[in-house]
Amino acid sequence: QEQRVESGGGLVQAGGSLRLSCAASRFSFGIYTMGWYRQAPGKQRELVASITSGGSANYADSVKGRFTISRDNAKNMGYLQMNSLKPEDSAVYYCNVVTEIGAPGLSSWGQGTRVTVSS
């Protein structure tokens with residue numbers, strides 16, 4: 001069974017930084033575009049960053065210039081470096097495969113990791 005485990009979230013003050021990690025169980029992890037989604041209470045889940053198997057990245061306007069997505073295909077790991085955090089970044093963050101149209105490629109979601117940014 002395919003499985004992803006997110007970690008690295010926590011409580012941080014505005015302006016601080018966190019690095020999220022995504023551990024994937026699929027052996028063929030390296031051939032897929034992967035990304036980070038987030039969902040805050042009362043809001044729709046949104047894609048905040050994606051990265052292709054070759055390392056080309058895209059970002060939502062709300063995080064552009066502050067977040068950096070990366071991956072290590074040999075380790076089946078994905079990462080999201082989050083700098084200059086704002087209270088509006090507070091959400092549960094999830095990783096998933098990302099399709100050509102930006103939709104999640106797998107219907108199952110992990111537990112996610114919670115990010116809380118205080119002012």
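Biologist: What does it mean to say that both Cys22 and Cys95 are buried?

Modeller: In this predicted model, the word buried is kept for residues with under 20% relative accessible area, and both Cys22 and Cys95 carry that label.

Biologist: What makes Cys22 and Cys95 a disulfide?

Modeller: The cut-off for a pair of cysteine sulfur atoms is 2.5 Å, and the sulfur atoms of Cys22 and Cys95 are 2.0 Å apart, so the pair is called a disulfide. By this rule, the count for the structure comes to one disulfide. The pair links distant parts of the chain, with Cys22 in strand β3 (residues 18-24) and Cys95 in strand β9 (residues 91-97), 73 residues apart.

Biologist: Why is the disulfide of Cys22 and Cys95 called right-handed?

Modeller: The handedness is read from the torsion about the S-S bond, which for Cys22 and Cys95 is about 70°, and therefore the disulfide is right-handed.

Biologist: Why is Ser50 called buried?

Modeller: Ser50 has a relative accessible area of 11%, and because the label applies under 20%, Ser50 counts as buried. Ser50 is found in strand β5 (residues 46-51), and, leaving aside neighbours within four places in sequence, Ser50 is in contact with Thr33, Met34, Gly35, Ser56, Ala57, Asn58, Ile69 and Val98.

Biologist: How do you know that β1 and β3 pair, and in which sense do they do so?

Modeller: At least two bridges are needed before two strands are said to pair, and β1 and β3 have four bridges, so they pair, in the antiparallel sense. Arg4 stands opposite Ala24 in β3. Strand β1 (residues 4-7) has a covered face, made up of Arg4 and Glu6, and an uncovered one, made up of Val5 and Ser7.

Biologist: Which residues lie closest to the centre of the largest cavity, and how much space does that cavity hold?

Modeller: About 110 Å³ of space lies in the largest cavity, and the structure holds one cavity of 30 Å³ or more. Of the 14 residues that line the largest cavity, the closest to its centre are Glu2, Arg4, Ala24, Phe29 and Val97.

Biologist: What kinds of residue make up the lining of the largest cavity, and which strands supply them?

Modeller: The lining divides into eight nonpolar, two polar and four charged residues. Both β3 and β9 supply at least two residues of the lining, and the largest share, three residues, comes from β9.

Note on methods:
Residues numbered from 1 in each chain as written. Predicted model: local features only at pLDDT ≥ 70, side-chain atom pairs only at ≥ 80, totals over all residues. Heavy atoms only, no water. Buried < 20%, exposed > 50% of the residue type's maximum accessible area, 1.4 Å probe, protein only. 1 Å grid on protein atoms, 1.4 Å probe; cavity = no way out; pocket = protein on both sides within 12 Å on 5 of 7 lines; lining within 4 Å. Points joined across faces, edges and corners; volume = space filled by probe spheres on them. Nonpolar A, V, L, I, M, F, W, Y, C, P; charged D, E, K, R; others polar. Contact = heavy atoms within 4.5 Å.
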